[in-house]
Amino acid sequence: MTPADSHFVPPAILRPQSRRDALLFAAVDCWAKLRHRSVFSWLRKIEAKTAPNVRRSPSVALPNCTNDKYTWRKLFDRDPLFTRLSDKLESKRFLNELAPEIEIPEVLWQGERARDIPPELFEADALVKTNHGAGTNILLRDTDLSPKQIADYIDRKMRKPYGWASGQWGYHNIPRRVFVERRVDAPELAEVKVYIFNRHVSRVLHIVDRFGATRGDVWHDDGSGLRRSDEVYHRGETGPGLPLPASSEQAIAVARLLGEQFDSIRVDFMTDGTRLWFGEITVYPLGGAVAFTGHKTDATENRYWDLRRSWFMRTPQNGWREAYRQALGRSLAEAYRARSTADASEAGGL
């Protein structure tokens with residue numbers, strides 16, 4: 001047995017605890033797939049690209065892998081904080097309240113329409129962003145677009161909701177704003193993305209050359225400490241093979257502080273190796289799917305994601321959702337009881 005194996009945490013496999021619960025779970029799955037067809041269609045397309053040889057039927061009623069847990073979160077977990085965390089402006093305030101020692105890129109202006117951006121800011125070393133989604137950032141000094149073209153593009157994005165097809169509920173109720181953010185001016189700026197499950201850091205992405213080839217290393221912790229894995233950040237791109245920057249220790253500490261409030265979250269930072277700047281908080285990383293391993297029950301992220309810590313499981317619900325919550329609670333309790341027994345048995349055999 002290798003040292004890593006000795007710290008392996010077996011997955012907590014969810015199963016119905018009675019025939020009545022099994023019928024309820026079947027009804028919930030049927031409702032989910034009829035009511036939220038676009039969400040399941042989106043997931044099937046993602047898995048067809050990242051795991052083309054896998055044929056499976058996702059289950060949201062009894063989610064036993066990371067991708068199904070993200071789908072479950074989209075459909076059931078209506079934590080009010082998800083909206084605040086998904087809002088790129090509100091998340092800055094949230095992080096500042098939690099960890100005021102972390103630097104936050106300065107917001108130079110914000111408003112409801114990009115056409116109202118002061119003309120002088122188009123010459124600033126800054127980015128235009130929207131607070132309610134992703135993929136709208138424009139680095140002003142590095143674009144060939146005119147101020148009018150930028151304003152027209154951003155205002156079109158402002159009129160569109162984000163994440164509807166993939167079911168990213170946290171974005172739905174964000175009051176939409178456009179803002180101009182000062183660019184972090186630091187040499188060799190990199191990103192550190194920390195995947196946190198309560199206080200356990202299962203995965204860290206260290207991304208370099210953010211405006212070039214965007215290469216990165218993937219680090220995993222299966223219980224024996226973070227280690228750089230053979231997984232690549234981008235298929236076809238060789239990872240840089242670099243050690244984690246010194247600032248990653250602080251990034252992980254802040255992520256753990258935040259993670260205590262949630263069952264799962266991702267916290268992103270920018271770093272020059274020593275200094276740290278807040279990036280964003282992500283409730284649905286990559287739209288709510290983990291490439292290549294999200295369908296596996298024994299993947300690290302799945303083993304450490306305990307749904308009992310979610311808002312849904314800690315909050316009484318209305319109608320049939322409460323019956324479902326209680327049934328899922330019974331399955332979770334039994335799964336973790338079985339896992340504890342397996343852990344104790346393995347420890348006795350060492």
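Modeller: Welcome! This is a predicted model, where local features need pLDDT of at least 70, side-chain atom pairs count only at pLDDT 80 or more, and totals for chains, interfaces and linings use all residues. Residues are numbered from 1 along each chain as its sequence is written, and side-chain values use heavy atoms, leaving out hydrogens and water.

Biologist: In what order do the four strands of the open sheet lie?

Modeller: In general, strands of a sheet pair through backbone hydrogen bonds, either parallel or antiparallel. Strands (E, at least two residues) and helices (H or I, at least four) are DSSP runs, numbered from the N terminus, and two strands pair if DSSP finds at least two bridges between them. Here the order is β1-β4-β2-β3, with antiparallel pairing. The edge strands, β1 (107–111) and β3 (138–139), each pair on one side only.

Biologist: Which residues of α7 are buried?

Modeller: Buried means under 20% relative accessible area, exposed over 50%, and partly exposed in between (1.4 Å probe, protein chains only). In α7, these are Ile150, Ala151, Ile154, Asp155 and Met158. Seen down the axis, they fall within an arc of 120 degrees (taken from the directions from the helix axis to the C-beta atoms), so they line one face of α7.

Biologist: How many aromatic pairs are there?

Modeller: Rings of Phe, Tyr and Trp (its six-membered ring) pair if their centres lie within 6.5 Å; planes under 30 degrees apart count as stacked, over 60 as edge-to-face and the rest as tilted. The structure holds 14 such pairs. One of them joins tryptophan 31 and tryptophan 320 edge-to-face, 5.0 Å centre to centre with 65 degrees between the planes.
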